[in-house]
Amino acid sequence: MKCSKCGFANPEDALFCEKCDWKLDQVYIPESKLDRSIFCYIALILGIVGMIPVILQDIYIVSLIIGAIGLIVGGYAFNVPRLMDVKNRTLLIVISGIGLLLSVFAFIAGLYLTVA
């Protein structure tokens with residue numbers, strides 16, 4: 001019986017693979033590796049986009065909403081590089097930190113200018 005995980009040819013009466021110890025009656029589905037570093041860039045983009053209405057002195061509710069979304073994404077993105085095994089960890093932390101900071105400013109400015 002061929003192992004679905006490693007492809008080793010096992011005897012027909014085997015319950016587990018002799019090479020990798022995978023249970024032979026189960027189908028192996030490999031884990032997909034998602035690149036979560038994209039959230040760092042999304043946090044930066046949301047921070048920049050959230051500041052645009054404040055700078056242009058335009059519709060401040062947009063800044064408030066985008067700033068709130070940026071806070072959620074930025075909070076998640078700030079921790080993503082620390083949990084991942086990536087080469088450019090420091091750069092991703094800085095990018096997500098700047099996006100988070102811009103989102104905080106956009107949210108506070110949008111809240112203040114909408115209420116005022």
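The model is predicted, so local features need pLDDT of at least 70, side-chain atom pairs count only at pLDDT 80 or more, and totals for chains, interfaces and linings use all residues. Residues are numbered from 1 along each chain as its sequence is written, and side-chain values use heavy atoms, with hydrogens and water left out.

**The helix pair**

- Two packed helices are described by the angle between their axes and the distance between the axes.
- Here α1 (38-55) and α2 (60-83) pack at about 160°, and their axes are 8 Å apart.
- Helices are DSSP runs of H or I with at least four residues, numbered from the N terminus.
- Axes are lines fitted to C-alpha atoms over the stretch in contact, and angles run from 0 to 180 degrees between N-to-C directions.
- The two helices, α1 and α2, are therefore roughly antiparallel to each other, a label for angles over 145 degrees.
- The crossing of α1 past α2 is left-handed, meaning that the near helix is turned anticlockwise from the far one by less than a right angle.

**The cysteines**

- If you are planning around disulfides (pairs of cysteine sulfur atoms within 2.5 Å), a search of the whole structure finds zero.
- C3 is in no disulfide, and its nearest cysteine sulfur, that of C20, is 3.7 Å away.
- C20 is likewise in no disulfide.
- C3 is buried at 3% relative accessible area, while C20 is partly exposed at 26%.
- Buried means under 20% relative accessible area, exposed over 50%, and partly exposed in between, using a 1.4 Å probe and protein chains only.

**Positive phi angles**

- Most residues other than glycine have a negative phi.
- D21, which is not a glycine, has a positive phi of about 65°; D21 lies in the segment before α1 and counts as exposed at 60% relative accessibility.
- Q57 also has a positive phi, near 50°; Q57 sits in the loop between α1 and α2 and is exposed, with a relative accessible area of 63%.

How values were computed
Angles under 35 degrees count as roughly parallel, over 145 as roughly antiparallel, 65 to 115 as roughly perpendicular and the rest as oblique.
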